Amino acid sequence: MKSKEERGKRMRLREARDAFLLILPFFVLVSIFSIYPVYQGINLCFYKVMLPEDKYIGLRNFERLRTDNVLTLTLQNTVYYGLFQMLGIVLAILPALLVNSIIMQARPRLRWLFQAAVLLPMVIGWVTLGMAWNWMFLIGAGALAAGRPGAVTVSPLARIETALPTVGLILIWAILGYNTILFLAGLRSIPKVMYEAAQIDGATNWQAFRYVTLPAMKPMLTFMIVTGFIGAFQVFDPVATLTNGGPGWYSASIVFYMVRQAWYALDYGYAAAIGLVVLTIVFTLSLIQFRIIYKRYV
Amino acid sequence: MPKSKSDRIFRIIAYASVAISAAIYLYPFYLLILISLRADVFSWPPELFPRNPDFSGYTAIFSHPAFLEWLTNSFIYTICISLGTILMASITGYAFSRLNFPGKTYLFWLILGLMMIPGIVSYIPLYVMLAKMKLLSTYWGIIIPPIASPYSAFLLKQSFDAIPRDYEECAYIDGASRLTIIFRIFLPLAKPALVTLTLFQFVWNWNNFAWPLFVATSPRFWNLPLGIWNLTWSYTRDFWTLASGGVILMIVPFILYLIGIEYFLRGIIVTGLKK
């Protein structure tokens, strides 16, 4: 009896030992390259990074955050990008319904082509996308200007008033296919019985959409909205490849501004302070997202 | 029959909407290919099928002194980071899925917490750190830090959870070691999830240029996206040369996409994987 108990204990000890050996490499790397940098990042906010030794400057970086007009502008731009992401979600509902009722019934080949085309921006990198869209707009602007004497060929990506919305529209273009596919999966998971019941109750198409489809999609919608905003606070590649932040800072996102502070101004302390702002916002949004998922599954 | 008429309208709408969305999504890429072949896209109507394609852009980009270096780097980074990530995520995911050990819950919460840190924000302290360790512009400094990916470990743990326990218990009774169980039983059983994650990893790492932007301070260590991006903003090349670079850049993810589109769809629908 006792030996059996002891054997069980030895087995458990062996299991724990194996487990620790298996997770050790991961947690060593994560401690060095993820956890320590967060600590180090908070630390950097209080310094001016310079050679031979960093200089302690107290709260000066944070004071600068408060009065930095460019930071306000880029933060505002970032919120706009978040709103464009929202628009990308709302706009995806229509194609999803269309696809669900028409293209899904069509030939498999056609369906394949649709899905393959709309998801392409997901796998092609922003360097290529940025180049392609710059040409699209330049040629489009050229075609528009061609008929009118005196008109100048300026891409909307290079004009102060249009740079931000144009980047926003390209963001929508890039995400719309993804959102449509997600919605489609959501739509197809709604049991047909619910629509049959609605039909028997005499519901119109609109009522069926309003009282069956929408409530069933609500968890997915909230999830997508929050992830959309989290995504907006990490927008870097699209801005870097489409406009490089320009003209001026008119299309720059906050993360882009942070990278510029580190890269061109070589002010790592201030960049870290901006990073802390981003981190706080993303963390808060992530907690909200987590609560949503948690409520859904537990 | 009235049915056939509405059927026909349905089919026309289906074809039209697919054609329109395909055009909106494919044309930018096609335009890039046209420019790289030096087709006349500026005239109206634009030359949609290049009559005499000119490959001088491609020869020009290949003769750029650093191009082959960037291409090689891209392959090295993509393969090493992706495989390293999958390997580390598999053993970590297995331990969290199947083994009991003290502190497991807290460590799992830690992984979830780490998933919320936006990568690019931690690049700045990481850059300062790697600079002090003299690891900037080295293969180690570029490849090792991204390998421990909490997100991938979490995803594999989830898919391992769905595998019934019977299989491994037989193997365990037969005296198989943990590593044998992971690599001989778990990974083959979790194949769909594994292939999905691997494809996404390849595409992500191939396209990634924010990370090399930070740690590859010397142009010799740039990857292809970073190199091409720098060429774009330096305005020193012909545009067909740049477009050729853009086309070469998209070939690899495009091929992976064509081969594994089912897996990409699965990744998006089942786990919400994103760009």
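Arg51(B) is exposed, because 7 other C-beta atoms lie within 10 Å. Helices (H or I, at least four residues) and strands (E, at least two) are DSSP runs, numbered from the N terminus. Arg51(B) and Leu130(B) are 79 residues apart in sequence, and their C-alpha atoms are 51 Å apart in space.

The model is predicted: local features need pLDDT of at least 70, side-chain atom pairs count only at pLDDT 80 or more, and totals for chains, interfaces and linings use all residues. Residues are numbered from 1 along each chain as its sequence is written, while chains are lettered from A and ligands numbered from 1 in the order in which they are written. Confidence is given as pLDDT, the predictor's value for each residue from 0 to 100. In chain A its mean is 86, and 95% of the residues reach 70 or more. Strand S2 (residues 55-56) of chain A has the lowest confidence in that chain, with a mean of 82. Helix H9 (residues 237-242) of chain A has the highest, at 93.

Both chains are divided into domains, with bounds from an automatic or database domain assignment. Chain A has domain 1 (2-44) and domain 2 (61-297). Their C-alpha centres are 38 Å apart. Chain B has domain 1 (2-54) and domain 2 (67-239 + 255-271). Here the C-alpha centres lie 36 Å apart.

The largest nonpolar core has 147 residues. Such a core is a set of buried Ala, Val, Leu, Ile, Met, Phe, Trp, Tyr and Cys residues joined through C-beta atoms within 7 Å. Helix H6 (residues 160-188) of chain A gives the largest share, 13 residues. Leu32(B) is among the residues with the most contacts inside the core. Beyond its neighbours within four places in sequence, Leu32(B) is in contact with residues including Met131(A), Trp135(A) and Val247(B). Contact requires C-beta atoms, placed from the backbone, within 7 Å.

In helix H14 (residues 261-271) of chain B, Tyr263(B), Phe264(B), Gly267(B) and Ile268(B) are buried. They lie on the same side of H14(B), because they cover an arc of only 135° around the axis. The arc is taken from the directions from the helix axis to the C-beta atoms. Among the elements covering these buried residues are H6 of chain A and helix H10 (191-207) of chain B. Gly272(B) follows H14(B), with a positive phi near 65°.

Conventions: A residue is buried if 20 or more other C-beta atoms lie within 10 Å of its own, exposed if 12 or fewer, and partly exposed in between; C-beta atoms are placed from the backbone. Two residues are in contact if their C-beta atoms, placed from the backbone, lie within 7 Å.
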